[in-house]
Amino acid sequence: MAKKWAAPSAFLAAAAIIVTLMWLYGGAGETSDKPASTTVDATQGVTDEQTQDEVTPSDNDKMIAKSEGELMQWPADKSQLDVVAPYYDVQSSSETRAAALIQTYDNKFIPNMGIDLGKNDVAFDVKAALSGVVTVAEKNPINGNVVQIKHANGLVTVYNSLSNVQVKVGQDVKQGDVIAKAGRDELEKDLGVHLHFEVRKDGKPMNPQALIEAAASTEAQ
């Protein structure tokens with residue numbers, strides 16, 4: 001009987017080893033393309049898998065946003081508009097952080113990595129904050145029409161929730177050129193007609209309002 005079961009036992013043992021190796025070198029080594037959770041708590045900061053570094057303003061926020069001698073300007077006529085959603089800064093008050101949270105379709109909250117401008121649901125001209133080259137001009141099902149412009153010094157400006165886009169990829173634009181009009185998007189549809197504006201340096205988000213206000217202060221001196 002011992003000889004009779006020897007071969008099946010050896011086969012089962014070998015099969016178990018093979019399955020284990022396949023799991024180790026196959027499934028265990030896979031990485032998910034699913035993005036980390038961006039759920040945050042308005043009073044406590046970042047939760048789930050999002051790290052503090054992802055929403056903490058970088059030291060670059062304190063520099064002047066400058067590209068080839070130009071100081072960054074508002075991407076629209078700020079005198080006629082309000083900041084309807086601020087940039088998420090973990091160092092700000094809990095009330096300010098709560099105002100900078102965006103509610104998603106699945107009832108989670110994500111930090112606003114830009115600022116939103118608008119007033120009375122009225123469309124307005126959106127202008128290039130700095131001179132540069134258009135790298136993205138497309139329709140996004142969540143963010144609406146999107147334009148991205150690349151500038152010197154690793155700066156990129158991002159304009160979401162647009163309508164009547166007037167630029168295309170590869171086009172050179174000058175600071176102050178009208179690139180579109182403010183529109184609507186699905187992500188922040190409760191804001192109505194607005195512009196979502198972001199600034200990134202070397203891929204990292206910066207506080208657009210702080211940069212523009214610092215630039216204006218420098219220009220006034």
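**A walk through the predicted model**

Glu-198 counts as buried, with a relative accessibility of 10%; buried means under 20% relative accessible area, exposed over 50%, and partly exposed in between (1.4 Å probe, protein chains only). Its side chain meets that of Arg-200 in a salt bridge (2.9 Å, N to O), a term for a side-chain nitrogen of Lys or Arg within 4 Å of a carboxyl oxygen of Asp or Glu. Arg-200 is partly exposed at 27% relative accessibility.

Before we go on, a word on the model: it is predicted, so local features need pLDDT of at least 70 and side-chain atom pairs count only at pLDDT 80 or more, while totals for chains, interfaces and linings use all residues. Residues are numbered from 1 along each chain as its sequence is written, and side-chain values use heavy atoms, leaving out hydrogens and water.

Now step back to the whole protein. It has 3 helices and 16 strands; these are DSSP runs numbered from the N terminus, helices being H or I with at least four residues and strands E with at least two. Of the 221 residues, 38% count as buried.

What lies in the largest nonpolar core? It has 34 residues, and Tyr-159, Ile-179 and Phe-197 have the most contacts inside it. Such a core is a set of buried Ala, Val, Leu, Ile, Met, Phe, Trp, Tyr and Cys residues joined through side-chain atoms within 4.5 Å. Among the elements that each supply at least two residues of this core are β12 (155–163), β15 (195–201) and α3 (208–220).

Next, look at β10 (residues 132–140). β10 and β11 pair in the antiparallel sense over 7 bridges, where pairing requires that DSSP finds at least two bridges between the strands. A hairpin of 3 residues joins β10 to β11, and Lys-139 stands opposite Asn-145 in β11. β10 also runs antiparallel to β13 (residues 172–173), with 2 bridges between them; here Gly-132 has Val-173 as its bridge partner.

Finally, return to the salt bridges, of which the structure holds 4. One of them joins the side chains of Asp-121 and Arg-184 (3.0 Å, N to O). Asp-121 lies in the loop between β8 and β9 and Arg-184 in the loop between β14 and β15, so this pair ties together parts 63 residues apart in sequence. Another joins Lys-181 to Asp-125, with the closest N and O atoms 2.7 Å apart. Because Lys-181 lies in strand β14 and Asp-125 in strand β9, the pair links parts that are 56 residues apart in sequence.
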